[in-house]
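Here are a few friendly notes to read alongside the model. Keep it open and look up each place as you go.

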Amino acid sequence: MPTPSLAALPIRRLTLRDLTACADLSENRGWPREEHKWGFLLTAGKGYGIDDPDGGLVSACAVTEYGPHDRPDLAAIGMVLVADRHARQGIGRRLMRHIVSAMGTTPLTLHATPYGRPLYEELGFKVTGRAEMLLGRFLPGAPTPRIATRPATAEDLPAILRLDEEVFGADRTHIITRLPAFADQLRVAEEDGRIIGYTAAWPNMDTHVVGPLIARDTETAKALITSLAAHTDRPLRTDIDVRHEELLAWAKERGLASVAFNAVMTYGIGELPGDWSRRFAPLTVAAG
C-alpha cells in the first residue's frame, strides 16, 4: 500500500494513551521526554496530533482552556512538535491552523521560541510580552525574606482559587486543584491570616520547576521561591515575566542563570487578562 501524503493524514484528539508517543516525539526533536508534564497536559487539557503510518506521531500539541467549560475565556497552546523527518513540510502550520479554527472566538496565547515565532506571526499571533527562563541551584543569602510562608493545606484551596482567578484573569480551578498531586511542593505566603501568594515546585527531569508563582509583590515572590528552594536538593527552573526586573536580578544573584527568552504571544486579544504585576511565572509555558 502506498504511504498516504502528510496532508491527507487526519488530525485527531490525543488521550493519556498517547503519553509515550508524545514523549517519544519530544525526544525525537531533542527535547526532554517530560512524561510527567505531558501526562498533566493531556488530562487537564486537550491534545491534538497526527499519527505516523509507520508508528508514533508525526506531530502533536496541547491546548489548555480556562474559564467556563462551554465558553472558555482563554486557551493556551503549547508543546507544538513535528517529528524531525517530517519537519519543514507545513505540518506544524496545518496543525496550528486546525487549532485556531477549532477554538473559534476563544482568545489564544502561547510562548514562542525564536524558531517558532515566524510561523505564529504568519497565523496572526502578536507579541505582547517576554519571559526569561532561569535555571540553576539556588544559593541562600542575606537578607532573608521576612514574609511568612508554609505548606498549603486542603483548607487553603478556596483562598488560593480566589486569588488565582483574580490575578490570572480566568478560572483555573481544573488546573489548580491538580497541583497537590502534580507538584512535590505547594506553598503559600501569609500575612495576618490572609493568603497573599502561592507557588508550587513540580518535578521535571532532574529539576524542580517553580510555577505558578502568584504573589502580592516582589518580596513575597522572593519568600516563596526561597521557601521552595529550602525543601529540595534539585536545581530550580522557572520562566519569569521580564517586567519583573527586580525578581530576575535577585534570582540571578542567588545562582539561577538565564537560559533562554520566549515571546509571549496572543491571538484574538490585545493583552492577557488579569494582573501581570502579581503574576510572576506560569505553571509551565505550555499551559500559560
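1. Let's begin with helix H8, residues 218-229: at 1.5 Å a residue, its twelve residues should span 16 Å, and its end C-alpha atoms are 17 Å apart, which agrees. The expected span is 1.5 Å times one less than the number of residues. Helices (H or I, at least four residues) and strands (E, at least two) are DSSP runs, numbered from the N terminus.

2. A word on the source: this is a predicted model, where local features need pLDDT of at least 70 and side-chain atom pairs count only at pLDDT 80 or more, while totals for chains, interfaces and linings use all residues. Residues are numbered from 1 along each chain as its sequence is written, and side-chain values use heavy atoms, leaving out hydrogens and water.

3. Why is H8 largely enclosed by the rest of the structure? Eleven of its twelve residues are buried (under 20% relative accessible area, with exposed over 50% and partly exposed in between; 1.4 Å probe, protein chains only). Among them are Thr 218, Lys 222 and Leu 228.

4. Now find Leu 57, in strand S3 (residues 57-66). Leu 57 counts as buried because its relative accessibility is 7%. Leaving out residues up to four places away in sequence, Leu 57 touches several residues (heavy atoms within 4.5 Å), including Arg 12, Leu 14, Ile 50 and Ala 83.

5. Finally, His 244 sits in the loop between strand S11 (236-241) and helix H9 (245-253). At 6% relative accessibility, His 244 counts as buried too. A polar atom of the His 244 side chain lies 3.1 Å from the backbone oxygen of Trp 276.

Conventions:
Polar contact = N/O pair within 3.5 Å; in protein donor to acceptor, adjacent residues only side chain to side chain.
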